[in-house]
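Dear colleague,

Please find below the structure that I am handing over to you. My findings follow it, arranged by topic.

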Amino acid sequence: MSESSAALPPMSAGPRHGVRIFATWAIATAIVVPVMIWVVGPHIPPGSTSQQARDQHDVNVALTALAMPVLLMIWVYFGYAVRNFRQEGEVVVDGPPITGNARIQATWLIVTSVMVLGLAVFGTIDLLSTGGSGGGEGPAPLAKPADAASALQVQVIGQQWEWTFRYPGYGGVETTELALPVGREVEFHVTSLDVAHSFWAYELAVKADAIPGSDNVAYVKALRTGSFQVRCAELCGLWHGHMNTTGSVLTDAGFATWIANEQKENAAVTKDLPPYSHVYYPAPLRNG
Amino acid sequence: MESSSVSVHRTVTSRPSAWRALRGYNVIWATALAIGGYALGHWLGSKIGANSVAQTSTDQDDVAILMGLGFATLGWIAGLGFLSYPLGRITGRPSTLREREEHGPWRYFSLCTDHKVVAIQYLVAVLFFFFVAGLNAMFIRGELTSDNATFIQAGNYLTLVGLHGTMMLMMMSAGVLGPLGNYLVPIMIGSRRMAFPRVESLTMWLTVLAGFVLLSAILLGGFPTGWTGYAPLADQARAGIDAYIVSFMLIGISLALVGVNMIATIITMRAPGMTWSRLPIFVWGMLTTSILAVLAAPVLAAALIMVIFDRAVETSFFVAATGGSPFLWDELFWFFGHPEVYILALPGFGIVLEILPVFARKPLWGYRLAVAGMFGVALLSFMVWQHHLFVSGINANLRPFYMFSTELISIPTGVIFLNGMGTLWRARIRFTVPMLFSLAFFFNFLIGGLSGVFLSDVSSDVTTHGSYFVMAHFHYTIMGGLVFALMGGIYYWLPKVTGFKLNEKLGKVHFWTMFVFFNLTFFPLFAAGMLGMPRRVSSYNADLHTLNVFVSIAAFCLGASMLIFLGNLVWSVVFKRERAEANPWQSLSLEWQLPSPVPVHNFDRIPTINSDPYGYGFPDAPAVADFGPRVLAGEAGAT
């Protein structure tokens, strides 16, 4: 573990490499992290259309801010090493024979372990406290928002290559458009009739896989009226990329008018639908 | 040059001279028998399945196609001569473990038990399929220059996506284990061969067959599932998926066998004095990768058998309506699939940690920690697979556990960074092409790893799951990590393998174009994912059009930089043929103490190992090995 060797020419510019690297890193971090939080941060998706979008936005900003010191540490170190520890010319000179340093290794392990534990605790608390953060949570959600009991239930049904929506609270009416009331908790029940799809309401920050024979619950509370995009986020065959639609967040009165209209228009169809259920088992379509 | 002392296996002993080159088992007979086998299997299958409901209800006969592919595999193996050894043992004929090791150029087209020949076969095969899959990527990026499906039909687009993904995954899993692992592991541990030389050759020829079987999906109508083959889409798909199933099974079998062979070799064939603490770090990388391959690949093969049954005889493993569950496939696939992505990472760690000390002229910093890190990654990789299913609704209450276990992996992965940083500390860096690729590995893998932290957090994953963010993430780890390391490895070891120098200037042009355009291609895709672009779509929101055109242009330049690499290989090895010195990098490692290229039997005497190969800077470091009375290093170039 001797750090010097008779065969070695002396290192140029003294041995204060560690201090310089640390100072560069500290300055870079002090500049970059605030920029990431306050300049870039507000533009990081998925925005603030729903409570869940806000939650995910906050997490994405937090993770970006946490990633920066790590990124910068490695970049500064490698940049410094590449710049200062180089050997010019054809001569091949050995460096100091340092094979390790127990204290640095232990420190590194402790620091990364603490960071990882912190991340896991942060992620778990965040997941539970945000009512699942808009993600699909299966038939019996672990994390529910406070007003889940009074939530509006909307079933999302994926099939190749169309989304349809059923409102069990309104006579099980099935629509091809998705409309939600603003400011009210919504409980999506996502399922599929054929292959796996994934219901992705982008601006609402909801994503839940639609799996045949499975009831996948996700919560959302829209905070603003307006439209949002619905896409399919799981490869589902030929027109996967076209499985899009536009949904809308309406005022309470607007929603009441809309759903009443849908009930009236679809009355004949609703009569012939199978009774509302969390899962459906149509005969499988096999082999082309 | 066809005459040999090991002709006992060859049933044909005399032929007209025009047929000399074709005599015996080789890839030409294998191809003929594979095609014949397909015809026979197809005919048998169509007879068997003729009256079943499963087959009469569709326009494609899965039983016949699957049996055809099965018989084609048998024909391929028989044509290459893999059956002659077991049959010879049964009939009591004398046998040998060494075959066609001195047969001139034809040994590259047949079953050869020289591990160096197998490695070169592997390298050519893997690079060939790598370029085929890369070409698919060019078509994909071409289609994505428009925000709506234009010049590629939607079904063909999905087939391109599936072929690109599956081919890359298959070939890159074998991409380091096959060429570099087979070539270097025996030499690095002081052995003359792998533990099971015939198995070694079998794994290579199965890989070639798997590549061509996968390409045959094009003739069978393509497949729409991507590389993940999710049920029930795979169940519903047309016969192209049968080619995907069979090719992936072949690779699964091949990978498991490579793993067994590597583990056996590393445990039992080490030269005297090659203690565990002297094992080169690359060999540790191969060992941990092999452990993953042995434990994970059979799960894939088994799951694919279930898909075969679901398709061919209407079982219901994955069909919800008749009692199965699509989740079963997700579980089995990702139980294989996540260790698989570390099969694509650990070899990269091994390569860069092997290269860094040579060009830093310093010992590998924290050797034991690096080994522990690799084992940590290997162990944890089996405990994280449900992070692919965070929003699927399966076992939702276990998400905090999988979030935790996924984040835990960053500890052993971080260790590899520490090893790299420690090795560079006060080093004497020479910026050769292999060193540039190794340094770029850390740059890229860091971005890949940090984006993985976003994906491991459930809330953040809801934003990015199934989007281009994921796609950018794993391209940063697999292409930015493994492929950069592989390129570094090729530039580093090819002079040893071929005996010829690679052009340094072209290599640097290749490196810089690849590095710049790789980052220009994939970094913007993080943004595309965050902005809502799902994976595997050929039409997307108009507001992402400019971004995608930019990415496509960068991707074409990336493709062009790969052509520079190809040009360098062909120019340096086929045309220029400038002899490489035995040890152009002044490395202390065992393989560089041998002549270039390495003679058939590697070592005239099995060497005695004196130390680990990282003794840089120690003034009194012993020679890495004692070669006995004859020191081969003095005979550089004398082949």
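A residue is called buried here if 20 or more other C-beta atoms lie within 10 Å of its own, exposed if 12 or fewer do, and partly exposed in between, with C-beta atoms placed from the backbone. This is a predicted model, in which local features need pLDDT of at least 70 and side-chain atom pairs count only at pLDDT 80 or more, while totals for chains, interfaces and linings use all residues. Residues are numbered from 1 along each chain as its sequence is written, and chains are lettered from A and ligands numbered from 1 in the order in which they are written.

Overall form of the two chains

Chain A contains 5 helices and 10 strands; helices (H or I, at least four residues) and strands (E, at least two) are DSSP runs, numbered from the N terminus. Chain A is more spread out than a compact globule, because its radius of gyration is 28 Å, well over the 19 Å that the globule rule gives for 288 residues. That radius is taken over C-alpha atoms, and the rule is 2.2 Å times the number of residues to the power 0.38. The C-alpha trace of chain A spans about 95 × 45 × 30 Å along its principal axes. Buried residues account for 39% of the 288 residues of chain A.

Chain B has 20 helices and 2 strands. Along the principal axes, the C-alpha atoms of chain B fill a box of roughly 75 × 65 × 45 Å. Of the 639 residues in chain B, 63% are buried.

Two residues are in contact if their C-beta atoms, placed from the backbone, lie within 7 Å. Among contacts in chain A between residues at least 6 apart in sequence, those joining residues at least 24 apart make up 71%. In chain B, 80% of the contacts with a separation of 6 or more are between residues 24 or more positions apart.

Helix α14(B) is largely enclosed by the rest of the structure, because 7 of its 10 residues are buried. Among them are B:Arg399, B:Tyr402 and B:Glu407. The buried residues of α14(B) pack against α3 of chain A, and also against α13, α15, α16 and α17 of chain B.

Strand β5 (residues 185-192) of chain A is mostly covered, with 7 of its 8 residues buried. Strands pair if DSSP finds at least two bridges between them. β1(A) and β5(A) run parallel and are joined by 7 bridges, and A:Leu152 stands opposite A:Val186 in β5(A). β5(A) and strand β8 (residues 216-221) of chain A run antiparallel, with 6 bridges; here A:His189 stands opposite A:Val217 in β8(A).

Helix α2(A), with 34 residues, reaches 49 Å from its first C-alpha to its last, close to the 50 Å expected at 1.5 Å a residue. The expected span is 1.5 Å times one less than the number of residues. α2(A) has a kink of about 25° at A:Ala67, shortly before the proline A:Pro69. The bend at a residue is the angle between axes fitted to the seven residues ending there and the seven starting there.

Backbone points for your attention

Most residues other than glycine have a negative phi, and most peptide bonds are trans. The peptide bond from A:Pro45 to A:Pro46 is cis, with omega near 5°, and A:Pro46 lies in the loop between α1 (17-40) and α2 (51-84) of chain A. B:Ser596 and B:Pro597 are likewise joined by a cis peptide bond, with omega about -10°.

A:Ser133 has a positive phi, near 55°. A:Ser133 belongs to the loop between α3 (102-129) and β1 (152-159) of chain A and is buried, with 32 other C-beta atoms within 10 Å. B:Arg536 has a positive phi near 60° and is buried as well, with 24 other C-beta atoms within 10 Å.

With kind regards
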